[in-house]
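Welcome! Here is a short briefing to read with the model open beside you. Take it one topic at a time.

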Amino acid sequence: MDGSQDALVASLRAENQELIRRLASQDSAQQYRSDSTVPQAGLAWEGCGLTGSQVARYSRQLVLPSFGPQAQARLCKGSVLVIGAGGLGSPAVLYLAAGGVGRVGIVDTDALELSNLHRQIAHQEVSVGKHKAASAAVSCRALNSSIQVIAHEQGLLPGNALDLVSAYDVVLDCSDNAPTRYLASDACCIAAKPLVSGAALGMDGQLTTLCVAPAGPCYRCLYPQAPALASCRRCAEAGVLGVAPGIIGTLQALEAIKLLTGVGQPLTSRLLLLDCLSTGFRTIKLRHRQPACIACGPHATITASNLASYDYRAFTGQPFNDAAPPSISLIPAAQRLSVQDLASRMQPASTRPSNQLQPNQQPAAFSRPHVAEPEASNDSMIPISRLPSADFCASGCVAAETVPIGHQQANSCNPLPEGDEGQGAKGFDSASQPSGGVQSSAGPLLLDVRPKEQFAAAHLPGFVNVPYQGPHKPLPAFLLELCHPSQSVNQAPGVSSVLPSLSASEPDARIQNLELGLSQTPKPSDQCEAAGEILVVCRRGNDSQEVVQQLRSLGITGAMDIIGGLTAWSQSVDPSFPIY
Amino acid sequence: MRVRLLFFARARELAGVGETEVEVASHATAAVVLKQVLETWPALEEVSGRCVLAVNQEYLEDMARILKEGDEVAVLPPVSGG
Ligand SMILES: [Zn+2]
């Protein structure tokens, strides 16, 4: 079957699933939406305002002594606005719909991506590429056709926030970015709506209920100063365990139900912390509303009349979404290579016409990697034939050798588990060299500076992983060892003696010692030559520029950035390389 | 005296540790302890002034508060992901 037939079958299958779903939801609508069982005055039965079908549907919670039919009736008359239909919003909207909240509004402007589905469980595979608000609304209606579900696809913006939150009883902040969090809070202060604020990232979750009169604080009472850009880690970069937002989003639904019904105590002036690693919860008692708060204080300067013109982007330095950071252009064009250039450089030396590539030269065919003789001499590249034959290496690949940055600091910020640090460096010093990237002085040294997890998931053959941890972290010990082969050989891993020499005053001498072959016996005669090229790749081509800048500041003038990183590689050279 | 430090979310990333203990001067104020924390983990500067700080699970209102042996100081930066 060729590609176009595959696509056609996939498209028909998606359409079929969607139609089956719609049919099921219409059937259920006809079956369950009927309100014909409303008790009529003087007729057979009386209740607390719930219809017969509502009593039947919600029976398990209205027989609950601490909840009861009155609470259920308040729920059925209540409304909740859920800002964000992602990892937090998904379980929240499903539980609110299932539990019988009369009107559920879902605000989201994003389109669904495949990488959302591990945690954003209100969506289905067939909805990938569609609006999340609409997709989540379909799921809610399929779960409960007797309630009203409204998708607000324009998102929460300064211009519409007040109208949106004013139209509901309770608001849930299930958003993924700082500007939306401040905007939601400000709007809820003005409209006097309780705001259930949930957040999750990595293995952490946070939950608190804000803006509850008379004393409950708002988001600005807790965080008057917006977080630094670097602090606002995105799920796409930092990762997130699917159930972490699932737990917090579920608790947000619980808070909404309590606020609507008056049952229990809401999480006002308390911050709940979830640690998924220990499955531990912790509650911090918060301060009350702050008289000086510019949003909720008696002299608030953010008001109904100026909210729409408040510049949340300027305040937080961030956009109203958690989109990937824009491409930066940090270093001169002469220090950067295209992915096509990279492909050419990665061609085996024997088939490479010269070091200088012609602009129209064909990129290396990674589906047919150069097969070197296993008995290749020390001067040849490490045989690519040792690598898996796939175009790129996926998790478990033998070439997944990671050389952590900063392993010279025992208490460094390196997130590697204890005992892991330094092993990569040891691998370099040992006779069994990493199977990727170690080449003779004839070829470039290929560095992949992404976090080791991303490298392990998929990387190009021949690359060595040297995770970059930001401009303020110690420079890669591995690269320093390159400058000191005679010292680092036979030295224990985790050496700290290498680091101080970094800022020492003789960079030129060290460059003279630069040895890219990484063989156990340095060959001084090759060293200058070997300093030729270090190609640095990352996910999108931003970090790699910072690394190149650092290397060049050390005098390693052969450091080159790969423009656009592996994302560009996937787009322009090998579409089978996963974009994530 | 010793006080217990808890770093959450981004603070844990920056400090490279989630829980630890530090030796501080007896009768040190919260301000003094936090200054010492920033000197020990300079990377935490990024979240300084942008966190909820708590002592013994209660919001730290007064930086002049004098800490006691065994007090638990928590650094809680906001999480924005969802
Ligand atoms: Zn406030």
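How many aromatic pairs does the structure hold over all chains? The structure holds 7 of them over all chains, where rings of Phe, Tyr and Trp (its six-membered ring) pair if their centres lie within 6.5 Å. This is a predicted model, in which local features need pLDDT of at least 70, side-chain atom pairs count only at pLDDT 80 or more, and totals for chains, interfaces and linings use all residues. Residues are numbered from 1 along each chain as its sequence is written, chains are lettered from A and ligands numbered from 1 in the order in which they are written, and side-chain values use heavy atoms, with hydrogens and water left out.

**Aromatic rings**

- A pair of aromatic rings is described by the distance of the centres and the angle of the planes.
- A:Tyr182 and A:Tyr219 make an edge-to-face pair, 5.0 Å centre to centre with 75 degrees between the planes; planes under 30 degrees apart count as stacked, over 60 as edge-to-face and the rest as tilted.
- A:Tyr182 belongs to helix 8 (residues 178–191) of chain A and A:Tyr219 to helix 9 (residues 219–222) of chain A, so this pair ties together parts that are 37 residues apart in sequence. Helices (H or I, at least four residues) and strands (E, at least two) are DSSP runs, numbered from the N terminus.
- A:Tyr182 counts as buried because its relative accessibility is 0%, and A:Tyr219 is buried too, with a relative accessible area of 6%. Buried means under 20% relative accessible area, exposed over 50%, and partly exposed in between (1.4 Å probe, protein chains only).
- A:Tyr310 and A:Phe315 form another edge-to-face pair, with 6.1 Å centre to centre and 70 degrees between the planes.
- A:Tyr310 is partly exposed at 21% relative accessible area, and A:Phe315 counts as partly exposed at 25%.
- One aromatic cluster takes in A:Tyr182, A:Tyr219, A:Tyr223, A:Tyr310, A:Tyr312, A:Phe315 and A:Phe320.

**Charges over rings**

- The charged end of A:Arg220 sits over the ring of A:Phe315, 4.7 Å from its centre. For this, NZ of Lys or CZ of Arg must be within 6 Å of the ring centre and within 35 degrees of the ring normal.
- A:Arg103 lies over the face of A:Tyr168, at 4.6 Å from the ring centre.

**Salt bridges**

- Side chains of opposite charge can pair when their charged atoms come close.
- Over all chains, the structure holds 19 salt bridges, each a side-chain nitrogen of Lys or Arg within 4 Å of a carboxyl oxygen of Asp or Glu.
- In chain A, A:Arg234 bridges to A:Glu237, with the closest N and O atoms 2.7 Å apart. A:Arg234 counts as buried at 14% relative accessibility, whereas A:Glu237 is partly exposed at 28%.
- In chain B, B:Arg2 forms a salt bridge with B:Glu21, the closest N and O atoms being 2.9 Å apart. B:Arg2 lies in strand 1 (residues 2–7) of chain B and B:Glu21 in strand 2 (residues 19–23) of chain B, so the pair ties together parts that are 19 residues apart in sequence.
- B:Glu13 pairs with B:Arg10, the closest N and O atoms being 2.8 Å apart. Both lie in helix 1 (residues 9–15) of chain B, 3 residues apart, about one turn of the helix.
- Salt bridges that share partners join B:Arg2, B:Arg4, B:Glu19, B:Glu21 and B:Glu23 into one network.

**An enclosed strand**

- Why is strand 6 of chain A largely enclosed by the rest of the structure? Because 7 of the 7 residues of this strand (residues 204–210) are buried.
- In a regular strand the side chains alternate between the two faces of the sheet.
- A:Asp204, A:Gln206, A:Thr208 and A:Leu210 point one way from strand 6 of chain A, while A:Gly205, A:Leu207 and A:Thr209 point the other way.
- Strand 5 (residues 195–201) of chain A runs antiparallel to strand 6 of chain A, joined by 7 bridges; two strands pair if DSSP finds at least two bridges between them. A:Ala199 stands opposite A:Gln206.
- Strand 7 (residues 270–275) of chain A is also antiparallel to strand 6 of chain A, with 4 bridges, and A:Leu274 in strand 7 is the bridge partner of A:Gly205.
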